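Reader: Could you walk me through this one and say what each label rests on?

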Amino acid sequence: MQNEYAVPVEYNTTLNPKLWDHDRLKPEVRGALLRMAEDFIDFVAVPFDVEDIVITGGNVNFTYTAHSDIDLHIIADFSSVQCEREVAELFDSKRLLYKRRYDLEIHGVPVELYIEDNRMPARSAGLFSVADDQWLARPQKTVPKYDHVELDHMLSVWTKILQRATMTGDLQICRRAVQLLRTYRKRGLATAAGEFSIPNLVYKSLRNDRAIDGITRLIDRLHDQELSI
């Protein structure tokens, strides 16, 4: 049966030409990414040790699509943070606030910023250090294999979860559904399959279908209504 969901990844013979000159990151792209990282660090306003600034995901591989963003990770020593709150929660809250305030792009490609614990590195087929302007892991042109039947099944499950949460019109239920999906994806990324794990492919397909965007916009509207009189 033909897959009725958006394709999570595509296979290209070259890296995204908007960002790369063959296998070299374009200088203006690198400069923009470094400025974004610096601005985000200033926005966080919590001192921490930066070990590296890297990019990962489809746009550091041959599997980018028209919906792929640039995953810009600031690698940090979480143990260097002097804060009473849980460090990962603090950084994630700052990330979401920054994302709401700023809509960053490079040549039309959206940029997502993260602060990553150096003890829990993201697994990626392609990994490039923006700070040092060099490859840490070069992507391969081989087509990764994954279970298409399992992907279709889990897409069906998560589509129903998001649809049912949306139908309730309940802010907390919608927020919980999105949080569960993000946790599901994060656990998949931590496995050996990394970005080609079923959880991450599910997330990418739902993003490409704009299902995540739809429930996120609903959450914003419900939040506004809850605070308004």
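Author: Helices (H or I, at least four residues) and strands (E, at least two) are DSSP runs, numbered from the N terminus. It's a predicted model, where local features need pLDDT of at least 70, side-chain atom pairs count only at pLDDT 80 or more, and totals for chains, interfaces and linings use all residues. Residues are numbered from 1 along each chain as its sequence is written, and side-chain values use heavy atoms, with hydrogens and water left out.

Reader: What makes E4 and E6 partners?

Author: Strand E4 (residues 70-77) runs parallel to E6, with 7 bridges between them. One of the residues involved is His73, whose bridge partner in E6 is Tyr114.

Reader: And what makes E5 and E6 a pair?

Author: Strand E5 (residues 105-106) is joined to E6 by 2 bridges, in the antiparallel sense, and the cut-off is at least two. Glu105 sits opposite Pro110 in E6. The two strands make a hairpin with 2 residues between them, and in that turn His107 has a positive phi of about 50°.

Reader: Which strands make up the sheet, and in what order?

Author: There are 6 strands in an open sheet with mixed pairing, ordered E5-E6-E4-E3-E7-E8. E5 and strand E8 (134-137) are called edges because each has a single partner strand, leaving one side of each without a neighbour in the sheet. Further in, strand E3 (residues 49-56) pairs antiparallel with strand E7 (residues 127-129) over 3 bridges, and Val54 is opposite Ser129 in E7.

Reader: Why is E6 called mostly covered?

Author: Buried means under 20% relative accessible area, exposed over 50%, partly exposed in between (1.4 Å probe, protein chains only). In strand E6 (residues 109-117), 7 of the 9 residues count as buried.

Reader: What makes one side of H1 its buried side?

Author: H1's buried residues are Val29, Ala32, Leu33, Met36, Ala37, Phe40, Phe43 and Val44. Down the axis they fall within an arc of 135° (taken from the directions from the helix axis to the C-beta atoms), so they line one face. The face turned away from them carries the exposed Pro27, Arg35, Glu38 and Asp42. Contact means heavy atoms within 4.5 Å, and what covers the buried side of H1 includes strand E2 (24-25), E3, E4, H2, E5 and E6.

Reader: What makes a group of residues a nonpolar core here?

Author: It's a set of buried Ala, Val, Leu, Ile, Met, Phe, Trp, Tyr and Cys residues joined through side-chain atoms within 4.5 Å. The largest has 36 residues, and Trp20, Leu33, Ile55, Leu72, Phe91, Ile106 and Ile115 touch the most other members. H1, E3, E4, helix H2 (87-101) and E6 each supply at least two residues, with H1 giving the most, 8. A second, separate core has 26 residues, including Ile198, Leu206, Ile212 and Leu218.
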